[in-house]
Amino acid sequence: MINKNKNLKILRNVSLKDYTTYKIGGLAKYFFIAENNEDLIEAIKWAKDKKIPFFILGNGSNVLFSDKGFNGLIIKIKTSKIEILKNKNNKCDVLSEAGVNLSDLINFLTENNLEGLEWAAGIPGNVGGAVYGNASAFGKKMSDFVKEVEVLDTNNLKQKKLSLKQCQFSAKNSIFKKKKNLVILSVIFSFKKGNKEEIKKRVKECLIYRAKNHPNYPSAGCVFKNYILKKNDEKIFKKFPELNIFKKNRTIPAAYLIEKCNLKGKQIGKAKISEKHSNFFVNLGGAKAKDILKLIDLTKKEVKNKFNIALEGEIIVINT
Ligand SMILES: Cc1cc2nc3c(=O)[nH]c(=O)nc-3n(C[C@H](O)[C@H](O)[C@H](O)COP(=O)(O)OP(=O)(O)OC[C@H]3O[C@@H](n4cnc5c(N)ncnc54)[C@H](O)[C@@H]3O)c2cc1C
């Protein structure tokens with residue numbers, strides 16, 4: 001379907017299975033791929049004119065769409081520019097548009113002898129999605145490298161720049177999760193200069209670790225955030241002395257709690273709590289969103305009953 005006024009190629013009834021790493025989800029009533037900011041703005045205007053909801057999609061690696069699909073417009077951001085802005089002494093500022101895949105950014109950095117993002121090798125997301133959720137692994141996170149984020153405010157369709165502080169990053173969180181009207185257009189990162197062979201080696205090590213430790217069935221990564229201990233959690237250690245090993249880091253891996261509730265391998269329909277990594281709930285082939293959601297509910301209940309810990313979801317569930 002072509003929007004005649006703006007020449008936007010808005011597609012109809014597109015399967016969301018094809019645009020998510022979960023391979024789950026019904027049809028998006030309308031679907032648009034934005035290759036530049038102008039098209040993105042036009043698509044948002046189009047949805048506003050029609051008074052229908054819209055949803056910004058990156059690489060779809062952290063989302064679970066309903067089996068009923070999405071009754072509105074999905075806007076997949078597919079911008080692709082990466083450029084070096086400032087190259088000074090030991091540091092370098094790099095601008096990346098939101099639609100750039102993390103692996104492409106890591107390849108660009110490696111080619112330019114810039115280090116810092118090797119830990120993110122193998123995360124199948126885009127820069128926009130990774131900054132939105134402050135993606136992290138091996139003790140590092142996106143916010144360690146962010147200098148500035150350019151956003152579009154969908155309330156007034158104006159663009160503005162947010163400093164690192166204004167992004168309010170914390171563990172797997174940012175202002176973008178709270179303020180749904182902000183769409184990330186591009187990010188300026190700061191990286192240090194390094195040695196290409198060493199960078200390549202670290203990237204390879206991360207990829208090998210992931211291949212060994214993560215399931216190879218479709219998923220959206222970790223379902224729950226790891227549990228960050230609060231001051232009044234001390235009684236947990238009295239009741240469960242085995243948790244003492246996590247006291248120093250103040251974080252209990254969700255995978256550990258799930259495993260201790262004997263949920264590893266639990267299956268509902270074609271959805272399964274991975275035996276390889278129990279915070280990955282995988283699609284064995286043909287899983288429904290409702291099966292994954294049932295596993296999520298069950299896990300929350302069991303962990304709450306056993307440890308009195310309320311697990312917080314990491315994947316974004318869209319039920320519109
Ligand atoms: C096998 C596997 C391994 C993974 N490993 C990790 C890991 O180690 N660490 C980790 O943190 N995550 C991991 N993930 C989860 C996921 O890959 C990351 O969270 C990734 O950064 C999400 O990016 P995305 O582009 O796929 O976002 P999407 O899934 O497309 O979107 C996620 C959210 O971000 C929003 N969003 C996307 N782009 C924008 C934008 N431009 N502006 C505003 N909002 C936007 C969406 O609306 C949505 O709410 C893993 C996933 C898989 C499948």
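Biologist: Which residues of helix 1 are buried?

Modeller: In helix 1, the buried residues are Asn37, Leu40, Ile41, Glu42, Ala43, Ile44, Trp46 and Ala47. Buried means under 20% relative accessible area, exposed means over 50%, and partly exposed lies in between (1.4 Å probe, protein chains only). Before we go on, this is a predicted model, in which local features need pLDDT of at least 70 and side-chain atom pairs count only at pLDDT 80 or more, while totals for chains, interfaces and linings use all residues. Residues are numbered from 1 along each chain as its sequence is written, and side-chain values use heavy atoms, without hydrogens and water.

Biologist: What makes residues 37-50 a helix, and how does the span of helix 1 compare with the expected one?

Modeller: Helices (H or I, at least four residues) and strands (E, at least two) are DSSP runs numbered from the N terminus. Helix 1 has 14 residues, and the expected span is 1.5 Å times one less than the number of residues. The distance from the first C-alpha to the last is 20 Å, close to the expected 20 Å.

Biologist: How do you know that Asn36 caps helix 1?

Modeller: A side-chain oxygen of Asn36 lies 3.2 Å from the backbone nitrogen of Glu38, at the N-terminal end of helix 1. A polar contact is a pair of N or O atoms within 3.5 Å; within protein, one must be able to donate a hydrogen and the other to accept it, and residues adjacent in sequence count only if both atoms are side-chain atoms. Therefore the 3.2 Å pair falls inside the cut-off. Just after helix 1, Lys51 takes a positive phi of about 55°.

Biologist: Why is Thr20 called buried?

Modeller: Thr20 has 3% relative accessibility, so it counts as buried. Thr20 sits in the loop between strand 3 (11-15) and strand 4 (27-34). A polar atom of its side chain lies 3.2 Å from the backbone oxygen of Leu16, and the side chain of Thr20 also reaches the backbone oxygen of Ile24 at 3.4 Å.

Biologist: What does Thr20 touch, beyond residues up to four places away in sequence?

Modeller: Thr20 touches Gly60, Val63 and Phe65. Contact here means heavy atoms within 4.5 Å.

Biologist: What makes a set of residues a nonpolar core?

Modeller: A nonpolar core is a set of buried Ala, Val, Leu, Ile, Met, Phe, Trp, Tyr and Cys residues joined through side-chain atoms within 4.5 Å. The largest one has 56 residues, and those with the most contacts inside it are Leu73, Leu117, Val131, Phe176 and Phe189. Strand 15 (residues 182-193) gives the largest share, seven residues.

Biologist: How do you know where this core lies relative to the domains?

Modeller: Domain 1 (2-77) and domain 2 (82-212) both give residues to this core, so it lies between them. The domain bounds come from an automatic or database domain assignment, which also gives domain 3 (219-318). A second, separate core of 34 residues includes Ile24, Leu243, Val303 and Leu311.

Biologist: Why is Tyr209 called partly exposed?

Modeller: Tyr209, which lies in helix 5, has a relative accessible area of 40%, so it is partly exposed.

Biologist: Which classes do Gln168 and Lys172 fall into, and why?

Modeller: Gln168 is at 41% relative accessibility, so it counts as partly exposed, whereas Lys172, at 18%, counts as buried. Gln168 lies in the loop between strand 14 (158-163) and helix 4 (175-178), and Lys172 is also placed between strand 14 and helix 4. Gln168 has a positive phi of about 50° although it is not a glycine, and phi of Lys172 is near 50°.
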